[in-house]
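Please walk through the model below one feature at a time.

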Amino acid sequence: MLFCSPQMETSLELTNMTRVQQFVLLGFPTRLGIRDALFVVFLSLYLLTLLENTLIIYLICSHKELHKPMYFFLGNLSCLEMCYVSATMPTLLVGLWTGPYHISFVTCMTQLFFFVSLICTECTLLASMAYDRYVAICRPLHYPLLMRPQVCLGLALSSWLGGLVVSAIKTKCIASLIYCGPNVLNQFFCDVSPLLNLSCTHVALTELVDFISAIVIFCGTLLVSLASYSAIGMAVLRMPSAAARRKAFSTCASHLVVVGIFYSAALFIYCRPSRIKSMDLNKVLSVIYTVVTPLCNPIIYCLRNKEVHTVLKKTLHWP
């Protein structure tokens, strides 16, 4: 008689399991009338987000007055927001239109890859923008040198490429797990925590990778932003003129608002190694940084900016 070790038995059991070929995204399971109203609301928000960010990119590219480091990063952020909202919003809209949405394993992992890549890129872009404001206010004489075009391009490229690398590692770890059922994700897009909750295998290593990347990306870039604005705050307080303090503060206030909203929601969900239980709360927070933030960023950053106002009036031939 042949005897199998416990490890071999476990391996055979996993081999015989039927792997999940698709997932079901619950989205927001409400009554049909409410779903229809939510569909109209979210579709309007999606189209408005695309319109706002497209306008910002056009203004920055077509007017030399806006060819400055600050607006270069804002253009990158607007491009990212368009990709970001387009990576998650379609499955939300389909779920509201048809009910729980069936998504294939490959499509789910593809959506996860783009979502993680874009959220990591946004973190590093926000940190780069904070550094730009620090140099502009604390070291104005060195600003042309420290924020020359080559430096700006390098910061932007490192943000995009860094997001792709981190996302490739995280997505590979999550895709290598075995999913044998159930296959229902209590979310409106394929996200890390709901997928970990469905895995039939041990996820300790994957959770460790997720946690380390969260510490490096989220916490690292947040520390850069906090350090930059701490230095800015001390520099502003030392300014002798109240008018100069107000002007310096006004250039940073919008960025602080966006950083606060984005990191508050994102860090609550991602910077923890354990599986998350309160998925309904996670869905609400996910709406904040996948729908609300991309919609509000152009308004907060650009459409309240005097230079952008001037260029916009010139473009639309307003008096």
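A salt bridge is counted when a side-chain nitrogen of Lys or Arg lies within 4 Å of a carboxyl oxygen of Asp or Glu. This is a predicted model, in which local features need pLDDT of at least 70 and side-chain atom pairs count only at pLDDT 80 or more, while totals for chains, interfaces and linings use all residues. Residues are numbered from 1 along each chain as its sequence is written, and side-chain values use heavy atoms, with hydrogens and water left out.

Side chains of opposite charge can pair when their charged atoms come close. The structure holds 3 salt bridges. In one of them, K314 meets E65 with N and O 2.7 Å apart. This pair links distant parts of the chain: K314 is in helix α11 (residues 306-316), E65 is in the loop between α2 and α3, and 249 residues separate them. Helices here are DSSP runs of H or I with at least four residues, and strands are runs of E with at least two, numbered from the N terminus. For exposure, buried means under 20% relative accessible area, exposed means over 50%, and partly exposed is in between (1.4 Å probe, protein chains only). K314 has 46% relative accessibility and therefore counts as partly exposed; E65, at 35%, is also partly exposed.

A salt bridge also joins E307 to K68, at 2.5 Å from N to O. E307 lies in helix α11 and K68 in the loop between α2 and α3, so this pair ties together parts that are 239 residues apart in sequence. E307 is partly exposed at 31%, and K68 is partly exposed at 36%. D132 and R133 also form a salt bridge, their closest N and O atoms being 3.0 Å apart. Here D132 is buried, with a relative accessible area of 2%, and R133 is buried at 11%.

Now the chain as a whole. The protein chain has 11 helices and 3 strands, which run α-β-α-α-β-α-α-α-β-α-α-α-α-α from the N terminus. Of its 319 residues, 45% count as buried. Contact means heavy atoms within 4.5 Å. Among contacts between residues at least 6 apart in sequence, 81% join residues at least 24 apart. The accessible surface comes to about 16100 Å², and carbon and sulfur atoms account for 71% of that area. Such areas come from the Shrake-Rupley method with a 1.4 Å probe, and for residues only the protein chains shown count as cover.

Helix α2 covers residues 32-62, and its 31 residues should span 45 Å at 1.5 Å a residue; the end C-alpha atoms are 45 Å apart, which agrees. The expected span is 1.5 Å times one less than the number of residues. An α-helix has 3.6 residues a turn, so residues three or four places apart point the same way. The buried residues of α2 include R35, F39, F42, Y46, T49, N53 and I56. Two of these names return with S78, a residue of helix α3. S78 touches N53, I56 and I57, leaving aside residues up to four places away in sequence. S78 is buried, with a relative accessible area of 5%.

Helix α3 (residues 69-98) also holds F72, which counts as partly exposed at 31% relative accessibility. Together with L153, L157, L161 and L164, F72 makes a nonpolar surface patch of about 440 Å². Patches are made of residues with over 30% relative accessible area and no salt bridge; nonpolar side chains (Val, Leu, Ile, Met, Phe, Trp, Tyr) are joined within 5 Å, and like charges within 9 Å. Helix α6 (residues 149-175) gives the most to the nonpolar patch, with 4 residues.

The cysteines come last. A disulfide is a covalent bond between the sulfur atoms of two cysteines, counted here when the sulfur atoms are within 2.5 Å. The whole structure has 2 disulfides. C108 and C190 form one, with sulfur atoms 2.0 Å apart. C108 is in helix α4 (residues 105-138) and C190 in the loop between β3 (184-185) and α7 (192-198), 82 residues apart. Both C108 and C190 are buried.

C180 is joined to C200 by a disulfide, 1.7 Å from S to S. C180 is in the loop between α6 and β3, and C200 in the loop between α7 and α8 (204-237), 20 residues apart.
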